[in-house]
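Please prepare a briefing on the cavities, the nonpolar cores and a few strand residues of the structure shown here.

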Amino acid sequence: MKRMKSSTWVGAFAAVTLVGMVTGCGQAGTSATPTKPSTSAAADARATTLTVGLQADPATLDPALSSALVDRQVMANIYDTLFSLTPSGKIVPNLVESYSVSKNGLVYTFQLRRGIKFQDGTPFNAEAVKFNLVRDMSPTSARKSELSSIASVETSGNYTVVIHLSHPYSPLLAVLTDRAGMMVSPTAVKKEGANYADHPVGTGPFMFASRVKGDHITLVANPHYWKGKPKLSEVTFKIFTDPNVEITNLENGSIQLADQVPAQQLPMLEKNSNFVVSNQPGLGYQGIYLNVSQPPFNNKYLRLAVDAAINRSLLVNVALKGEATPAWGPFSPESPVFNRALDLPPAPNTQLVEKYLKEAGDPNGFSFTLQTANNPVSTEIAQIVQSMLQPYHIQMNIEQLEFGTLLANNTDHDFQASALGWSGRIDPDNNAYQFWHTGGAQNGSNFSDPTADKLLDEAREALSMTQRKVYYDSFVQELHRQAPYIFLYFPNNTYAFSKQLHGFQVYPDGVFRLCSMWIS
């Protein structure tokens with residue numbers, strides 16, 4: 001067994017002018033000129049199929065609507081982004097060839113790579129980029145919070161895009177490495193309309209082939225991919241809601257890459273020479289949204305009572321066998337703005353719980369319902385939290401839901417408490433703004449606080465990470481005072497794959513890039 005070493009990622013931010021390297025199937029540092037599909041005997045000899053296990057059925061394959069990691073695992077292989085991440089966490093141009101930023105930080109000019117086409121033959125050009133950004137800025141888009149600083153998008157010729165900001169926005173390039181930077185075919189969107197997610201088209205290494213909802217999604221290699229034909233001819237994402245079943249399928253060879261490894265299974269897999277285990281600290285967090293717009297959690301003191309009652313360290317040790325870090329904020333130890341005093345939790349405090357219940361007017365406790373995913377790990381964590389609240393006569397009922405329903409209810413604020421986390425991003429803004437800023441696209445708690453809003457806005461405009469950290473420290477303290485979300489732990493990114501799978505690399509966003517992988 002080989003266990004991949006952990007590393008710490010810190011993102012790189014905008015320089016005045018930068019010309020990027022090609023990453024992915026092509027060799028780093030190669031020309032931006034699109035390459036012809038490989039026809040070498042060696043490449044053809046190892047071109048084969050890969051089956052990847054996914055822990056839930058993706059809710060959508062439309063980047064404008066997506067809010068789940070499992071969506072991104074598929075979409076990152078259909079769509080290219082304007083900018084991309086290296087395994088070390090650097091931000092480099094991708095579909096963008098070079099860019100410049102004005103001295104006041106308000107104008108970004110992108111020079112695009114030429115000769116690239118979408119998988120349906122539509123040319124990739126400046127108009128296509130403008131179409132995507134305007135679409136992602138629409139009121140119905142889950143990307144609107146990420147792009148809210150954009151005042152306008154202009155084109156200058158076929159391959160130049162000029163973005164005007166209403167105020168400086170430090171996270172822009174980081175945002176464009178993810179879903180806001182995924183380019184969809186304007187032709188396909190106009191043709192399919194509301195059904196576009198069932199017929200996704202990008203410029204990426206793999207093309208959508210078929211889907212059986214709840215079971216699998218199949219992609220095939222894009223033979224005209226601009227970085228060179230992928231080494232794999234086909235990829236199937238197989239859905240597993242039980243991680244133990246996913247690992248069984250890895251062991252019997254039905255899948256070659258598992259996107260989740262239960263902590264209880266880690267020792268067994270680490271001893272098995274047929275597999276490689278990658279277990280690294282991540283940038284994400286897991287916890288519980290509390291709906292502040294309806295009873296009982298429109299009462300701040302009841303939220304604080306729940307927050308003070310939970311023993312995070314015990315939860316991590318029991319449910320996750322220590323393969324995570326207890327959390328009390330949105331910034332993990334891998335984040336550049338992590339603050340040990342603020343983001344790691346204190347011990348549970350009985351006196352505080354009783355004080356908050358009394359201040360809430362419910363000294364004898366109260367009841368609420370937690371919605372959670374219907375898988376064994378989520379169920380065990382919910383039961384542990386339930387047992388921690390019981391001594392205070394806080395009765396937490398557990399409602400298990402299919403993952404897509406859980407997401408939809410969270411978006412619609414149709415819950416009292418909702419167990420959902422975030423896979424994490426290299427820029428701290430992407431781990432905070434859209435969740436707790438008033439009107440944020442993923443503000444499931446319906447939280448609105450002028451102090452939090454001001455701090456998040458100021459952190460976006462500051463260009464120095466040192467200054468941004470000052471704002472984020474104050475923001476986390478405000479979260480502690482309000483408790484719209486109960487942080488539980490920072491999960492490790494834990495994967496396992498067959499030793500016959502080659503080319504696997506860990507990226508800081510936790511997303512698989514399959515283009516450079518092959519099976520021996």
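The largest cavity is lined by 15 residues, and those nearest its centre are Ala 174, Thr 177, Asp 178, Arg 425 and Asn 430; a cavity here is a set of points, on a 1 Å grid over the protein atoms alone, where a 1.4 Å probe fits but cannot get out, and lining residues have an atom within 4 Å of a point. The model is a predicted one, in which local features need pLDDT of at least 70 and side-chain atom pairs count only at pLDDT 80 or more, while totals for chains, interfaces and linings use all residues. Residues are numbered from 1 along each chain as its sequence is written, and side-chain values use heavy atoms, with hydrogens and water left out.

**Cavities**

- The largest cavity has a volume of about 110 Å³, a volume being the space filled by probe spheres set on grid points that are joined across faces, edges and corners.
- Its lining divides into five nonpolar, three polar and seven charged residues, where Ala, Val, Leu, Ile, Met, Phe, Trp, Tyr, Cys and Pro count as nonpolar, Asp, Glu, Lys and Arg as charged, and the others, Gly among them, as polar.
- The second largest cavity holds about 50 Å³ of space, and Asp 307, Trp 328, Leu 479, His 480, Ala 483, Tyr 485 and Phe 487 line it.
- At least two residues of the lining of the second largest cavity come from each of α16 (465–482) and β20 (485–498), helices (H or I, at least four residues) and strands (E, at least two) being DSSP runs numbered from the N terminus.

**Nonpolar cores**

- In the largest nonpolar core, which has 106 residues, Phe 110, Trp 436 and Leu 514 touch the most other members; such a core is a set of buried Ala, Val, Leu, Ile, Met, Phe, Trp, Tyr and Cys residues joined through side-chain atoms within 4.5 Å.
- Another core, of 36 residues, lies apart from it and includes Ala 319, Leu 320, Val 385 and Met 396.

- Thr 109, found in strand β7 (residues 107–112), is buried with a relative accessible area of 19%, buried meaning under 20% with a 1.4 Å probe and protein chains only.
- Beyond its neighbours within four places in sequence, Thr 109 is in contact (heavy atoms within 4.5 Å) with residues including Ser 98, Tyr 99 and Val 161.
- Strands β8 (residues 150–155) and β9 (residues 160–165) run antiparallel and are joined by five bridges, two strands being paired if DSSP finds at least two bridges between them.
- The hairpin of β8 and β9 has four residues between the strands, and Gly 157 in the turn has a positive phi of about 80 degrees.

Key: Buried < 20%, exposed > 50% of the residue type's maximum accessible area, 1.4 Å probe, protein only. 1 Å grid on protein atoms, 1.4 Å probe; cavity = no way out; pocket = protein on both sides within 12 Å on 5 of 7 lines; lining within 4 Å.
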